[in-house]
Amino acid sequence: MALLEVKDLEVYYGVIQALKGISFEVNEGEIVTLIGANGAGKTTTMQSIMGLIHPRSGKIVYEGQVINGMPTHKIVHLGMTQVPEGRRIFSELTVYENLVMGAYIEKDKSKVKQDLEEIYTLFPRLGERKTQMAGMLSGGEQQMLAMGRALMSHPKLLMLDEPSMGLAPILVQQIFDMIKHLHSIGTTILLVEQNAEMALAVADRAYVMETGEITLSGTGSELAQSDMVKKAYLGV
C-alpha cells in the first residue's frame, strides 16, 4: 500500500482550474519528485496535500486514511511535514527558537533536547548559529533551518517545495546531498523542484506536471533520458 495516494485531484482558484484530475502515489522509503515549469501546479499540489487548499474533487489518502478537509495541524500529527517554497522561517526568532517551533507536537522536553542535538549533528552550521536571529542567516543556512525545523516533528513523509530556489550552485549541491542522506536513513520524500537535472538524479520515481496535469511518469533515470524532458527541462 502506498504511503500517500493522490487520486483525481481537482483544484480551482475561482473559475481557473489549477489541477485537472491529477493522480500519483508515494511509496514508503521512496524519493518521488514532481518537475515542471512555474505555474504547472506543483506548489498547489503540495498545499492541497497539507490541507492549506481545499480541492473541489478527488481524494488524498495517507496511510489508508482519507485526509481531505483535515486541518493542517492534524495532518502534521499523522506524520507529514512540508518545507514550503521560500523557506518561511521566523526571521525574528533565533535558530534554536525556530527549531523548537518545529517540535510543538512533542510534549517531552528531554526528547526535544535530544532531537535538537540530532539536528545540530545533521546540520553543524545550525549548531554554530543556534543563538543567532534566523533572519541573519544566508539563504543556504535558512534552507537548512527550514529542513531542520521540519525534521523536528519526525515526519514519515517529508515534502520539500523548491529547496534549491535562489541558492548558489555549491549550496544546491549541499542541499541535494542532505536530501540523499535523509533518504538513506529512511525518510520518505516528496520533492517539488525546478532543477530537473538534480531532482531526477536523486528520485526513485518522477512525474512531469504541465498546466495542472501529469503528462509523463517513470523512474528518475527514465525521465532523465526522455527526449521531451531533455528538451523542455534539461536544456539538451
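Q: What should I know about the model before I start?
A: The model is predicted, with local features requiring pLDDT of at least 70 and side-chain atom pairs counted only at pLDDT 80 or more, while totals for chains, interfaces and linings use all residues. Residues are numbered from 1 along each chain as its sequence is written, and side-chain values use heavy atoms, leaving out hydrogens and water.

Q: Which strands form the open sheet, and in what order?
A: Helices (H or I, at least four residues) and strands (E, at least two) are DSSP runs, numbered from the N terminus, and two strands pair if DSSP finds at least two bridges between them. Here, four strands make an open sheet, ordered β2-β1-β4-β5, with antiparallel pairing. At the edges stand β2 and β5 (65-66), each with a single partner strand, so one side of each has no neighbour in the sheet.

Q: How many bridges join β1 to β4?
A: Strand β1 (residues 4-13) and strand β4 (residues 57-62) run antiparallel and are joined by five bridges.

Q: Is strand β9 largely enclosed or left open by the rest of the structure?
A: Burial is read from relative accessible area: buried is under 20%, exposed is over 50%, and partly exposed lies in between (1.4 Å probe, protein chains only). Strand β9 (residues 205-210) has five of its six residues buried, so the rest of the structure largely encloses β9.

Q: In which sense does β9 pair with β3, and in which with β10?
A: With strand β3 (residues 31-35), β9 pairs in the parallel sense over four bridges; Val 32 has Arg 205 as its bridge partner in β9. With strand β10 (residues 213-219), the pairing is antiparallel, over six bridges. There, Val 208 stands opposite Leu 216 in β10. β9 and β10 form a hairpin with two residues between them, and Thr 211 in the turn has a positive phi of about 40°.

Q: How many salt bridges are found, and which residue does Glu 30 meet in one?
A: A salt bridge is a side-chain nitrogen of Lys or Arg within 4 Å of a carboxyl oxygen of Asp or Glu. The whole structure holds ten salt bridges. In one of them, the side chain of Glu 30 meets that of Arg 205 at 2.8 Å, N to O. Glu 30 lies in the loop between β2 and β3 and Arg 205 in strand β9, so this pair ties together parts that are 175 residues apart in sequence. Both Glu 30 and Arg 205 are buried, Glu 30 with a relative accessible area of 12%.

Q: Which other residues does Glu 30 touch?
A: Contact means heavy atoms within 4.5 Å. Not counting residues up to four places away in sequence, Glu 30 touches His 183, Thr 187, Thr 188, Ile 189 and Asp 204, as well as Arg 205.

Q: Which residues are linked in a network of salt bridges?
A: The network links Arg 125, Glu 128, Arg 129 and Glu 141. Within the pair Glu 128 and Arg 129, the closest N and O atoms are 3.3 Å apart. Glu 128 is exposed at 57% relative accessibility, and Arg 129 is partly exposed at 25%.

Q: And Lys 7: what is its salt-bridge partner?
A: Lys 7 pairs with Glu 5, with closest N and O atoms 4.0 Å apart. Lys 7 is partly exposed, with a relative accessible area of 36%.

Q: Let's turn to helices. Is Ile 179 buried or exposed?
A: Ile 179, in helix α7 (residues 169-184), is buried, with a relative accessible area of 0%. Beyond its neighbours within four places in sequence, Ile 179 contacts Ile 31, Met 147, Leu 160, Pro 163, Ile 189 and Leu 191. Ala 199, 20 residues away in sequence, lies 9.9 Å from Ile 179, C-alpha to C-alpha.

Q: Which residues of α1 are buried?
A: They are Lys 42, Thr 44, Thr 45, Met 46, Ser 48 and Ile 49. That is six of the eight residues of helix α1 (residues 42-49), so the helix is largely enclosed by the rest of the structure. Just after α1, Gly 51 has a positive phi of about 80°.
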